[in-house]
Each structure stands twice: as C-alpha cells, then as structure tokens.
Amino acid sequence: MQALKSFLHSKALGLPALMLTAIGAAHAEPADWKIDSEHFSVVFEVEHIGYQHQIGMFRDARGMFRYDPETRELIRGRVEIEAASVFTNHDERDEHVRGEDFLDVENHRRILFEVTDFQSGDAGGVLTGDLTLLGQTHPVELDVTINKRAKYPFGHGKETLGVSARTTIERSRWGMEYAVSNNLVGDEVELRFEFEAIRQ
C-alpha cells in the first residue's frame, strides 16, 4: 500500500512538469507573424554630391513571415513596398525618384524582398533574401536585431516582436545607374527597416 502511495505521489509531482513541457513544446511551434503597418518604417539614405546624405522613406509597405521564437528558426518571409510611396520631403524630387531615372514606378510598381535564409545570433542574426527592384533580383544580407518579444501592453494585446534590420546595397547592381558615374548621387544606398510584428 505504501509503495502504491509513493508511486502515485511521484506521478502527481511529475504531472506539472509534464504539462509545462507539453505547453512549451506546443508554444515552440512556428507561427505566422504579420508586420503591423502602423509600426513599419522603411528608410533609405544616399549621398548627394558629397554634401550630405539624403534621407527618404517609403510610406506604404507590408509583410509577413513564419518564425519560431523559441528555436529562432525563420521558415519564410516576404515584404512588399509600394515604390510610388517614396517620400523625401520635396515634391519635385519625389516625382524625379518615381520616374525612369530611379524607381520607374509605372513599370515596376513594387519592390519585393523574399527570405531565403536566417542565421540566428545572440540578439538577432543575419537575414539573407532576394531583393527585386526594377525587375531584377539579387541576393542581399541584412543585419537583424530583435529588440523585444512580449505581449503587447494595450490595443490588440497579442504577442509582438520588435525588429530592426539594416543593409547597404549598390543600386547600380539593379540597373539604377543615373548620376552614378559623375558622382552626383551615390551608388551605395543604406536601407533600414523598423517594425513590430504581431503573432497570428
């Protein structure tokens, strides 16, 4: 009888641990994350005749990805940017950037980024993907920092990731060669992404 009590007691003690393990395993499954359009900034910076670095942004972008925060495995991801939403705080310049010399938005409405790989690190990792711009696709690498993961303190109240990512590209690689040879506009363009993503 005493042996039976001891057996049942040991099982009872082990039950919470088993439940926690099961809950943890279930929670560790990959999930879809939708980038919150209200907290999504796509910023670029490019040198102008050596005097300064012109800063601009795209005001219309969206994205989703499938990610397991426990294992840090990123399975897939996609970001779409509306090229015509470019903004540099100057109307005439914005129209020029939308034209054939730069983004050619009439023929290339969207800029696309699709994930191909993610090597996780302590606070983020290196994200590899294909960037499609002006109808050409080339691989790029982004340095990613995961700023925070927690239940949102108000509003939707769902688990949310805060992410920063940066890369530098040479725009001429995508055929955007205007004003490169005479050094009026820099070839290197720094891209910066800041966003919050909501677990679905």
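## Strand pairing

Strand β9 (residues 159-170) pairs with β10 in the antiparallel sense over eleven bridges; strands here are DSSP runs of E of at least two residues, numbered from the N terminus, and two strands pair if DSSP finds at least two bridges between them. Within β10, Glu188 is the bridge partner of Glu170.

Strand β10 (residues 185-199) also runs antiparallel to strand β1 (residues 31-48), to which eleven bridges join it. Here Arg199 in β10 stands opposite Trp33.

## Model and confidence

This is a predicted model, in which local features need pLDDT of at least 70 and side-chain atom pairs count only at pLDDT 80 or more, while totals for chains, interfaces and linings use all residues. Residues are numbered from 1 along each chain as its sequence is written, and side-chain values use heavy atoms, leaving out hydrogens and water.

The average pLDDT (the predictor's confidence in each residue, from 0 to 100) of the chain is 90, and 86% of the residues score at least 70. Over residues 1-26 the pLDDT is below 50, and this stretch has zero contacts (heavy atoms within 4.5 Å) beyond near neighbours in sequence.

## Glu82

Glu82 lies in strand β4 (residues 73-82). With a relative accessible area of 12%, Glu82 is buried, the term meaning under 20% relative accessible area (1.4 Å probe, protein chains only). Leaving aside neighbours within four places in sequence, Glu82 is in contact with Phe58, Asp60, Arg62, Arg109 and Arg110.

Methods
Helix = DSSP H or I, 4+ residues; strand = E, 2+ residues; numbered from the N terminus. Buried < 20%, exposed > 50% of the residue type's maximum accessible area, 1.4 Å probe, protein only.
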